[in-house]
Amino acid sequence: MTLLNHHAEGPVSAPPLLLGPSLGTSYALWDEIAPELSISHRVVRWDLPGHGGSAAGLVQEGATVGDLAALVLALADSLGIERFAYAGVSLGGAVGLHLAVHRPERLSSLAVICSSAHFNGSGPWEKRAALVRREGLTGLADDADARWFAGGFTVPRLVQDHRDADPDAYAACCDALAAFDLRDRLDGVTVPTLLVAGREDPATPPAHLREIADAVPGATLVELPGASHLAPAQCPKAVLTALRAHFGQGALQGMAVRREVLGDTHVDRAQTRQTPFTARFQDFISRYAWGEIWTDPTLSRRERSMITLTALVAHGHYDELAMHVRAARRNGLTPEEIGAVLLQTAVYCGVPAANSAFATAQRVLAEEDGTSAGG
Ligand SMILES: O=C(O)CCC(=O)CC(=O)O
């Protein structure tokens, strides 16, 4: 299958972040931002069909945002990326909203920039698609600066990309915008969502982003003064700051839970011992184990402690077991309950494993509670 043209940067082991472009542009829209984000993420930016380096034949007349989202998922699949953070501008943002509504299991976090849950109905886009199918893109590209940028700013490369886009693919993308309306699905979005609006954006003014922010539970809205429709190109620093804060949230939240469960002493020690070599691993633990798994309310912290103790016994990780016996006490398990968990591991993990586990737990409980853990 032909894939969307894309550019990947950043460590392959870093959390994936996909960046989507707006109509008429290419992944060059992210030139000022992607290299910065790739310090902490595996950044994959992609081109719309018939734009940049993507084949025009990837979309046909009557295309939908769902079709574009399917192409993005095919790209992610081809790169072995199951779950990813996503940021998109305008049509690229609509793709992100579609994924959040229809394929939430694929998204860890979403940023929708200068975009909307609807693009003012089908009329203007049907007209634009017909114009481009008839006359090509030259006229529209000539006017691009006024639609995309504020205050005489321009990015010649992006305007050139607009001029060079394939008219039929561009028109098919207009068809997708014409049919797009997710307003009545926004209250079901569960992925952490950031909205970024350009105060000077004539295409998707702040009211469009505010409408999403008001409907999506827990969403955050940032409005950028001086930014028009292509905020990542015109105000890259402000957009980068907003994206960093949003996509770094998992690590912050995870660190708070990590401290609650493992205690400040342990976490401070781990932080002090951190080196450039281990920093990525420490960040991964905070963000993923603590920011995603331990924060998931489906199971209580007591239940998670019981599962974790069992898994550590099963694999003979006695140093980690000692740490998690302390965590289990902090999560409310009594010494008797910890003993009952370890007794059960004797059945499912084996008596020698449980024997070592009891010795470890007895030592820790004696230190923690100043008792001999029931003798
Ligand atoms: O180029 C424009 O006129 C803006 C088009 C729009 O709002 C959709 C997009 O940028 O993806």
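Colleague: Which residues point one way from E2, and which point the other way?
Modeller: This is a predicted model, in which local features need pLDDT of at least 70, side-chain atom pairs count only at pLDDT 80 or more, and totals for chains, interfaces and linings use all residues. In a regular strand the side chains alternate between the two faces of the sheet. In E2, where every one of these residues is buried (under 20% relative accessible area, with exposed meaning over 50% and partly exposed in between, for a 1.4 Å probe and protein chains only), one way is taken by Pro16, Leu18 and Gly20 and the other way by Leu17 and Leu19.

Colleague: How many of the residues of strand E2 are buried?
Modeller: Residues are numbered from 1 along each chain as its sequence is written, and side-chain values use heavy atoms, with hydrogens and water left out. Strand E2 covers residues 16–20, and strands (E, at least two residues), like helices (H or I, at least four), are DSSP runs numbered from the N terminus. E2 is largely enclosed by the rest of the structure, because its buried residues number five of the five.

Colleague: Is serine 90 buried or exposed?
Modeller: Serine 90 lies in the loop between E4 and helix H3 (91–102). Its phi is positive, at about 50°, although serine 90 is not a glycine. With a relative accessibility of 7%, serine 90 counts as buried.

Colleague: What is the relative accessible area of asparagine 120?
Modeller: Asparagine 120 belongs to the loop between strand E5 (107–113) and helix H4 (123–135). Here too a residue other than glycine has a positive phi, with a value near 65°. Asparagine 120 is partly exposed, and its relative accessible area is 47%.

Colleague: Which residues of helix H13 are buried, and which are exposed on the other side?
Modeller: Helix H13 spans residues 264–272, and its buried residues are His266, Val267 and Ala270. They lie on the same side of H13, because they cover an arc of only 95° around the axis, the arc being that of the directions from the helix axis to the C-beta atoms. The exposed residues on the other side of H13 are Thr265 and Thr272.

Colleague: In which helices are arginine 301 and glutamate 260?
Modeller: Side chains of opposite charge can pair when their charged atoms come close. Arginine 301 and glutamate 260 form a salt bridge with an N to O distance of 2.7 Å, a salt bridge being a side-chain nitrogen of Lys or Arg within 4 Å of a carboxyl oxygen of Asp or Glu. This pair, 41 residues apart, links distant parts of the chain, with arginine 301 in helix H15 (residues 301–314) and glutamate 260 in helix H12 (residues 249–262).

Colleague: By about how much of a helical turn are arginine 287 and aspartate 283 separated?
Modeller: The side chains of arginine 287 and aspartate 283 meet in a salt bridge of 3.1 Å, N to O. Arginine 287 counts as buried at 16% relative accessibility, whereas aspartate 283 is partly exposed at 29%. Because the two residues are four apart in helix H14, their separation is about one helical turn.

Colleague: What accessible area do Phe281, Phe284, Tyr288 and Ile293 have together?
Modeller: Tyrosine 288 sits in helix H14 (residues 276–293) and is partly exposed, at 40% relative accessible area. A patch takes residues with over 30% relative accessible area and no salt bridge, joining like charges within 9 Å and nonpolar side chains (Val, Leu, Ile, Met, Phe, Trp, Tyr) within 5 Å. Areas come from the Shrake-Rupley method with a 1.4 Å probe, and for residues only the protein chains shown count as cover. Phe281, Phe284, Tyr288 and Ile293 form a nonpolar surface patch, and together their accessible area is about 390 Å².

Colleague: How far apart are the end C-alpha atoms of residues 280–362?
Modeller: An unreviewed UniProt entry places the feature "domain: Carboxymuconolactone decarboxylase-like" at residues 280–362; such positions are given in the numbering used here, feature names are shortened, and annotations may be inferred rather than shown by experiment. Over these residues the chain is 81% helix and 0% strand, and the distance between the end C-alpha atoms is 33 Å.
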